[in-house]
Amino acid sequence: MTVIRQTIVGVLLGQIALWQGSVHGDDQPQPPAPPIAQPSPAANPSPIAVDVQQIADDPVEPFEPKVPLTDEQKARRQAVTWFMTGQLREGKNDYAGALEAYRTAIEIAPGEIKPYQSLVTITFAQGDREGATKYALQAAGQSREGIPLARGLANLLVRASETGQAIEVLEKIQQSPPEDLKLVDDLVLHRDLGLFHRLMTHTDPAVEHYKVVMSALLDSDSPLAEEEREEILGDAGETYEQMGKVFLDAKLADLAVTAFDEAGKFNKARPGIHSFNLAMVYKETERPEQALEELQKYFDAQLHSKGREAYQLLADLLTELERTDELLPQLENLHDRDSRNKSLAYFLAEQYEQQDQLDEAEELLKETIGRRADPRGLVGLASVYRRQHQAKPLLETFAQAYQVVPQTEDSEALERMDSDMRALVERFGELQTEIAEDDEAMDGLIATGHELMGEDDGKLDFIQAYVLGKLSVESDRIEPAQEFYQLAIDMQNDPPAQLFRELGLALTDADKYAEAAKVFGQATEHTSNNLQQAGVRALFLYFQSHAFEMDGQTDAALEAIGEARKALPDNAAMHFQEAWVFYHAHRWEEAIDKFQEVIDTYESKDNAESQRIVRQTRFSLSAVWVQLGDFQKGEEVLEVVFDEEPDNTQVNNDLGYLWADQGKNLEQAKAMIEKALAAEGENPAYLDSMGWVLFKLGDYEKARGHLEQAVSLPNGDDSTILDHLGDTYNALELTDKALEAWQKALEKEQGKPYPDEKILDRIKAKLPAPSDE
């Protein structure tokens, strides 16, 4: 908690106003303040405050101010005392007690901001996003002094890739602003919302927010003071440039030029940047020749600030003008004039590789990397080595690159990166896929790994073993993946939890459940501190329970999830998993009890995760009742979800399918399943539902199309889907196809740890009886 708290405080303190001003008290009775410690009579008094009273002196009378304290002043004293009590409790890591004290402070003095700061800090650190949001919005609603706190929370949410929630926070402030809101506050909110929408590539709302900001800033009659303009703009050149890019993305060329012109006023020392921005405008407005002219001005200034983006723009413009043969000569000319420009050198090397000039690419990359291993150069070299079939240099270079290139598929995180870093991350991801799909490269890498493992001095290092394991997983080579991951684990005294998780999940995906359970068990038994944390250990027990159950080891699965629940007794997902084990093992009565227990425990919890788990529990409970033949109860459970969320995708599918399976409400069922498919058009379960309702309606040809599409998708070879497809072929008098589908359905169901006897009997009844021979 301490480290997390320090991080959050560092972000929030710079944006939070000091607690000052009068208290806005109310007439409600307030709880008494905690007692203030009084000095003991026997205590040694301070020499500064020594009691010099003599025997004959008059008794000391308590001090009474000439002007009695107002109720507001008394309330403020109480609130301050509660706030200080919270600080003391927090210093002793008594966070529950601290939260209680801070809440009492804001009940007494709701207009003061500082207690809200502490409430937001602690609740956010504890992972309580809803609590942090509630207190931040309360502070912002009290006065404009609380807005920086809410903005600080929004920034933390963005850093956690929860930008959508950050946007909701700021929008709620705009919907219910404090009475003392100023124009500058509103414009700062619009600026932040423009930025956050841009991070989520929501161009239209970003444009609207930036329009408001730019219009106010350029209004000659605006009441904004100079310091308020500075607060809104921050780095003025950068802010206007970001606005210009958003306007350009929206193809609002005039607004983009205006924003870039304003940016140019703050970048007078670098006019080439303005030329680059104009080049982008000309490109978007289909004036490539003028764009080239402006871009050349940027190149002539020998600026590096736009990185590879400038050279990519050159390539795009020449492609648009059908002059691609000019690209390499122009890049070589620019490199001769500006040989220290690394972005240019790496882009040129990339073009060499694309033109199959691999030796030239390798030479330039090695020359440019220098002593410090630049990740751009490492990724470029690894790409060249793959194509040259140089396995050992590829392994060494790729492993080096893996340590320095950020690994993320989060679109928000990528959008926050500068263009060079974003291009590097995306290229490295592409390179991993290229290597994994290149059989010759993978054969060479695995052979090199084995060769290095066999050397006496053990030259295969930890990172190399790890990336060999990852690449083997991606190339569906599970045996070498297991070998290299285990080697990486064994190399570490304190192996990262990520190693166990990735290997265990890879084995699970490969249907090697017993081995996956063993890996997850390895993680729970490890003596390292990072794996003994209750939450981490419980998560591996959760994974292990799934692997055990999929392997048919129900008792072991229940033991694992039971231990996880002891560590996290109030975790809804753990509770659901225990019920799921009973469900998967076809222990229906116990599953019903546990699913109902989950609903009863978490139904009243007011947080999104608990509600999600309860909703999923209802779907599973409905399926149990259907398995037991009680369709009415199955429908009743789903109807609860449908009444609460009529647009919920899964409930539309599940209830629609249940009706279709019984041959009732077919048109309504079809409409509901259509709604589900509109949201997830390639979900094999939803395609099966549509195929089945069409079958029940007698439209066999359309049913065939949906069912064939379902079985062609990942996880679409389910026994029920194959059975439905067989029935459809049979209705179309395609007997051979029907028998083939039913046979596949039978084999699929028989291969499960707990085959459904009803499904087996139904399929067997459609197949010819096996011969006695």
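Let's start with helix 15 (residues 308-320) and helix 17 (residues 342-354), which pack at an angle of about 40 degrees with their axes 8 Å apart. Here, axes are lines fitted to C-alpha atoms, for helices over the stretch in contact, and angles run from 0 to 180 degrees between N-to-C directions. Helices are DSSP runs of H or I with at least four residues, strands are runs of E with at least two, and both are numbered from the N terminus. This is a predicted model, where local features need pLDDT of at least 70 and side-chain atom pairs count only at pLDDT 80 or more, while totals for chains, interfaces and linings use all residues. Residues are numbered from 1 along each chain as its sequence is written, and side-chain values use heavy atoms, with hydrogens and water left out.

Helix 15 and helix 17 are therefore oblique to each other. (Under 35 degrees is roughly parallel, over 145 roughly antiparallel, 65 to 115 roughly perpendicular, and the rest oblique.) Helix 15 passes helix 17 in a right-handed crossing; a crossing is right-handed if the near helix is turned clockwise from the far one by less than a right angle, and left-handed if anticlockwise.

Who touches whom? On the helix 15 side you'll find Arg 308, Tyr 311, Gln 312 and Ala 315, and they meet Ser 343, Leu 344, Phe 347 and Glu 350 in helix 17. Contact means heavy atoms within 4.5 Å. The residues of this contact split into four nonpolar, two polar and two charged. (Nonpolar covers Ala, Val, Leu, Ile, Met, Phe, Trp, Tyr, Cys and Pro; charged covers Asp, Glu, Lys and Arg; the others, Gly among them, are polar.)

Now look at helix 34 (residues 631-644) and helix 35 (residues 649-662), packed at an angle of about 155 degrees with their axes 10 Å apart. That makes helix 34 roughly antiparallel to helix 35. Their crossing is left-handed. The contact includes Phe 631, Leu 638 and Phe 642 of helix 34, along with Leu 655, Leu 658 and Trp 659 of helix 35. In total, its residues divide into eight nonpolar, three polar and three charged.

## The inside

Zooming out, the chain has 41 helices and zero strands. Of its 773 residues, 46% are buried (buried means under 20% relative accessible area, exposed over 50%, partly exposed in between, with a 1.4 Å probe and protein chains only).

The largest nonpolar core has 138 residues, and those with the most contacts inside it are Leu 295, Leu 314 and Phe 398. A nonpolar core is a set of buried Ala, Val, Leu, Ile, Met, Phe, Trp, Tyr and Cys residues joined through side-chain atoms within 4.5 Å. Apart from that core lies another, of 38 residues, including Leu 666 and Tyr 686. In soluble globular proteins, nonpolar side chains tend to be buried together.

Phi of Lys 251 is near 60 degrees, a positive value in a residue other than glycine.

Finally, Pro 148 lies in helix 6 (residues 147-159). Pro 148 is partly exposed, with a relative accessible area of 22%.
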